[in-house]
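Please look over the model below with me. My notes follow as numbered points, starting with charged pairs and ending with the nonpolar cores.

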Amino acid sequence: MSKLTPTPGQTVGPFYGYALPFNKDNELLAPGSPGSIRLQGTVYDGAGNTIPDAILEIWQPDSAGNIVQRTGSLVRDGYTFTGWGRGAVGNSGVYTFTTINPGPLKPGAAPFISVAVFARGLMNRLFTRVYLPENQEALANDPLLRSLDPERRKTLIARRDPDGGLTWDIRLQGEDETVFLDFQQDGSLDLASGDLASGDLVADQS
């Protein structure tokens, strides 16, 4: 029997339209629903160029801080908040979700939305968070944000738009690189910083 030659590793992008997208995938609830907002931003590579074929997934609690636990998050019925969404960026690198402001998971905690990024050149998806900008005391006491220096911390905090929506850009490398997270087998949370290819872990959040 001849020895098999391993094939090269494959990255998680670019992406194609078969099977992955579904109707209203970036609408966690219908646009115009009471309390609905737009979460938007641009995805950049290390050179500052926009990435036209990335895909983002988000998970979040509802406005009261409750995690949706019913089945059927892929079903968009036009009125039910699902807590999960997937959106592809356009040719300009811009993504958009229709969602709501998440509530804190516990009293006094800083509300945030969990994000996964799939893009060309990545061997695995990247995990991060986007925090609401308003509650400065909660942001200052958040364990993850507290472990970062101010310049790194700001990459995880969205800005509030005049219409009430949120804008938050993602930079995969380079100046103002977004802080990315690494979840270990035991469930602890680490920060992945610096060159994405190195995978260095710089702070234990367990």
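1. K154 is partly exposed, at 43% relative accessibility (partly exposed lies between buried, under 20% relative accessible area, and exposed, over 50%, with a 1.4 Å probe and protein chains only). Its partner in a salt bridge is E151, with the closest N and O atoms 2.8 Å apart (a salt bridge puts a side-chain nitrogen of Lys or Arg within 4 Å of a carboxyl oxygen of Asp or Glu). E151 is partly exposed too, at 48%.

2. This is a predicted model: local features need pLDDT of at least 70, side-chain atom pairs count only at pLDDT 80 or more, and totals for chains, interfaces and linings use all residues. Residues are numbered from 1 along each chain as its sequence is written, and side-chain values use heavy atoms, leaving out hydrogens and water.

3. The salt-bridge count is five. One of them joins R120 and D53 at 2.7 Å, N to O. These two residues sit 67 residues apart, R120 in the loop between strand 5 and strand 6, D53 in the loop between strand 1 and strand 2 (strands are DSSP runs of E, at least two residues; helices are runs of H or I, at least four; both are numbered from the N terminus). Is each end buried or exposed? R120 is partly exposed at 45%. D53 is buried at 15%.

4. E134 and R160 also form a salt bridge, with N and O 2.7 Å apart. E134 lies in the loop between strand 6 and helix 1, and R160 in strand 7, so the pair ties together parts 26 residues apart in sequence.

5. The largest nonpolar core has 28 residues (such a core is a set of buried Ala, Val, Leu, Ile, Met, Phe, Trp, Tyr and Cys residues joined through side-chain atoms within 4.5 Å). V43, Y95, I170 and L172 have the most contacts inside it.
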